Amino acid sequence: MYYSLSALAKRLHCETPPMVDMRSAIMNAGYRVSLSHCQEQTIKTNAPNNIVWDIMRTWIQTHPVVKKNIKPGSQALKLLEKEPVFIADFTRRNDAMPPSRKFKLVRFPEHPKNWGPMAKAKRK
């Protein structure tokens, strides 16, 4: 299982938190977190769902959502109406970014220009 930060933000109609801030908040809560190989902006963590949603609700308290964009009775409204039980600490940690990012290593390299299937080989 992994969490996509953009999918969490889309569900709540809010601004996507930076990866460093989200990782720091989870680590400050006492849980482990790592990057996922599936997609960009995804994380794996042993934090329960309610902690992840409380971190997102705490993020929204400092980065408010435009309420007129949320339909009445929607899942986003139900999630936003619930007060966070756990208040996240977004203080950035030095170990929140993996060492590969410090060395500017690319995690998802782009394919070369002519990569992929080509036309069938012809006889000469």
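For the charge counts used here, Lys and Arg are positive and Asp and Glu are negative, while His and the chain ends are left out. On that basis the protein carries 22 positive and 9 negative side chains, and the centres of the two sets lie 14 Å apart. Each charge is placed at NZ of Lys, CZ of Arg, CG of Asp or CD of Glu. This is a predicted model, in which local features need pLDDT of at least 70 and side-chain atom pairs count only at pLDDT 80 or more, whereas totals for chains, interfaces and linings use all residues. Residues are numbered from 1 along each chain as its sequence is written, and side-chain values use heavy atoms, with hydrogens and water left out.

**Overall architecture**

- The protein has 5 helices and 3 strands, where helices (H or I, at least four residues) and strands (E, at least two) are DSSP runs numbered from the N terminus.
- Along the sequence these elements follow the pattern β-α-α-β-β-α-α-α.
- The radius of gyration, taken over C-alpha atoms, is compared with a globule rule of 2.2 Å times the number of residues to the power 0.38.
- A compact globule of 124 residues would come out near 14 Å by that rule, but the protein has 19 Å.
- Along the principal axes, the C-alpha atoms fill a box of roughly 70 × 40 × 20 Å.

**Surface and contacts**

- About 9,100 Å² of the protein is accessible surface, and 54% of this belongs to carbon and sulfur atoms.
- These areas come from the Shrake-Rupley method with a 1.4 Å probe, and for residues only the protein chains shown count as cover.
- Buried residues make up 37% of the 124 residues; buried means under 20% relative accessible area, exposed over 50%, and partly exposed in between (1.4 Å probe, protein chains only).
- Of the contacts between residues at least 6 apart in sequence, 68% join residues at least 24 apart, a contact being heavy atoms within 4.5 Å.

- Helix H2 spans residues 19–28, and it is mostly covered, with 9 of its 10 residues buried.
- The buried residues of H2 are Met19, Val20, Asp21, Met22, Arg23, Ser24, Ala25, Ile26 and Met27.
- Those buried residues pack against H1, S2, S3 and H3.
- Just after H2, Gly30 takes a positive phi of about 95 degrees.

**Salt bridges**

- Side chains of opposite charge can pair when their charged atoms come close.
- The whole structure holds 3 salt bridges, each defined as a side-chain nitrogen of Lys or Arg within 4 Å of a carboxyl oxygen of Asp or Glu.
- One of them joins Asp21 and Arg92, whose closest N and O atoms are 2.6 Å apart.
- This pair links distant parts of the chain, 71 residues apart: Asp21 belongs to helix H2, and Arg92 to the loop between helix H4 (75–81) and helix H5 (99–102).
- Asp21 is buried at 10% relative accessible area, whereas Arg92 is exposed at 53%.
- Asp54 and Arg57 also meet in a salt bridge, at 2.6 Å from N to O.
- Both of these residues lie in helix H3 (residues 49–62), 3 residues apart, about one turn of the helix, and Asp54 and Arg57 are both buried.
- Arg93 and Asp95 form a salt bridge with an N to O distance of 3.0 Å.
- Here Arg93 is partly exposed at 30% relative accessible area, and Asp95 is partly exposed at 41%.

**Backbone points to check in your viewer**

- Most residues other than glycine have a negative phi, and most peptide bonds are trans.
- His13 has a positive phi of about 60 degrees although it is not a glycine.
- His13 sits in the loop between helix H1 (5–12) and helix H2 (19–28), and is partly exposed at 42% relative accessibility.
- Gln41 likewise is not a glycine, and has a positive phi of about 60 degrees.
- The loop between strand S2 (33–35) and strand S3 (42–45) holds Gln41, which is partly exposed with a relative accessible area of 36%.
- Leaving aside neighbours within four places in sequence, Gln41 is in contact with Tyr3, Ser4, Leu5 and Met19.
- From C-alpha to C-alpha, Gln41 and Pro109 are 14 Å apart in space, and they are 68 residues apart in sequence.
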